Amino acid sequence: MPLISRRHLIAGMGSAVLLTAGRQAAAAPGVTSIAAGTRIIEVKGKAAKVFGLASEQGKQGFTFAAERQIRIALANGLDEPTLIHWHGQTPPTEQDGVPGLSQPALKPGESYEYDFTPRSGTHWMHSHVGLQEQKLLAAPMIVRDKADLAADEQEHVVLLHDFTFREPQEILDELKSGGGGHAAHGGGSGDMSGMDHSKMAMAPAMINDVSFDAFLANDRTLDDPEVVRAEVGGRVRLRIINGAAASNMWVDLGGLAGELIAVDGNAIAPVKASLFPLAIAQRADIRIALPGEAKAWPILFRPEGTNRRTGIVIAAGNGEIGKIAEEGDMAPPLDLDFELRLTARKGLAPEPITRTEMLMLTGGDKDYVWGFNGKASMHDTLFGVRLGERIAIMMHNMTSMAHPMHLHGHHFQVIGINGRKIAGAMRDTILVPPNAAVTVAFDADNPGNWAFHCHHVYHMNAGMMGAVAYVNAA
Ligand SMILES: [Cu+2]
């Protein structure tokens, strides 16, 4: 490895990774190195030590061209075990990065090489160990296909986070001890005043069970937002990733209109709007044709159930950038109205469903135990499937909180929302709001043991995670 890139790595990652960097030097040509390490960011004028996933160039995350095989050398530069899941990718099961299902976590200083065929789209990678995601152990993983490369547009990736200065374990302990979700619920993060009550579910819903110190867009808050310089009248494609641990958000283009062209890395029939729901772990590719004037437009990301927000600024020409307030209108809870409007560009092939599995999403009582069908899980098998089957999963949320449900190793089509049949989007994560019933279908074409879980990191660590296991028996 040339000295210059090592220097970048040192600058980007701190000395903890230096040892690992030396080892990475031996990586074969064509292998992309990525190191889990610590880094310092500034949040509201205070230094915060967080985790990160830096490439050799010191950049967080990476971009691939779809045509080439991915070879990734992951190095653990942390002083604790970690393992990274390639969210949205469909590698062989042993490369999926889930301890207990695919491979053991990497100990400090250990490396592992991954080697799989990439799936194009806006994806990301994040730790699947404990609560590390809350400490920002996540980064974009963009795979561009031929059409992306040919498009006459400026691309910009935005990774969203919710941020706390507290130790995530302390938050989980508090949630588990002091009256469940309500413990951390004071302080207004779930304040319903000013809410659009027509959007409320039948049961009293809880929107947020954790209060955050800040919300970040590419690690920055609105007092110092990232500014994306664009051409007057130009075209911009935002690849937005909700990497928050526990916050569903709205993407608010303000005075601009955009076209949602892909969700979770899958093309859809474009939908024009200014406000788009983006649940935890979901991705949205939004194409914006900028008006023909030199002006700066804030793009806001608004966590549901709060008046807080984060954002970036798209500045066309010499458009002047004004100060943007960090508080605004109360954002209503996400619902599935928008989801009903989405249609996959390429859905599942017409084929009968082999079997429908029913899953009740349950829990969230005072003990803060979450799970399926009344039982907390972690790596337990929820149901078995056989290679070649078309499986439908009908989820019914019996709890008072929304759950962004993620299936590993597959992309599913949303085929039913509250009893209404649709040929919806292909996704890997779907939000199931309180009282809602959502049905998804997928083809069992990737043998293994696959995690199926709520992507709210505290719910997941409190039992709302299980496995879909391939079985051979006839
Ligand atoms: Cu959940």
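## Salt bridges

In this predicted model, 24 salt bridges are present. One of them joins D148 to R239, with the closest N and O atoms 3.0 Å apart. Because D148 belongs to helix α3 (residues 146-150) and R239 to strand β12 (residues 235-242), this pair ties together parts that are 91 residues apart in sequence. Both D148 and R239 are buried.

A salt bridge also connects E153 and R237, at 3.6 Å from N to O. E153 is in the loop between α3 and β9 (154-163) and R237 is in strand β12, so the pair links parts of the chain 84 residues apart. E153 and R237 are both buried.

R239 counts as buried because its relative accessibility is 0%; D285, with a relative accessible area of 1%, is buried. Through shared partners, salt bridges join R144, D148, E153, E155, R237, R239, D285 and R287 into one network.

## Copper site

H403 (ND1), C454 (SG) and H459 (ND1) coordinate the copper ion at 2.0 to 2.1 Å. Along the chain, these donors follow the spacing H-x50-C-x4-H. C454 and H459 are buried.

## Five-stranded sheet

An open sheet of five strands runs in the order β11-β19-β18-β13-β16, with mixed pairing. The edge strands β11 (226-230) and β16 (275-278) each have a single partner strand, so one side of each is left without a neighbour in the sheet. From one strand to the next, the twist averages 20°.

β11 pairs with β19 (residues 310-316) in the parallel sense over five bridges. R229 stands opposite A315 in β19.

Conventions:
Residues numbered from 1 in each chain as written. Predicted model: local features only at pLDDT ≥ 70, side-chain atom pairs only at ≥ 80, totals over all residues. Heavy atoms only, no water. Donors = N, O, S within 2.8 Å, 3.2 Å for Na, K, Ca; no water. Buried < 20%, exposed > 50% of the residue type's maximum accessible area, 1.4 Å probe, protein only. Pairing = 2+ DSSP bridges. Helix = DSSP H or I, 4+ residues; strand = E, 2+ residues; numbered from the N terminus. Axes fitted to C-alpha atoms, helices over the stretch in contact; angles between N-to-C directions. Salt bridge = Lys/Arg side-chain N within 4 Å of Asp/Glu carboxyl O.
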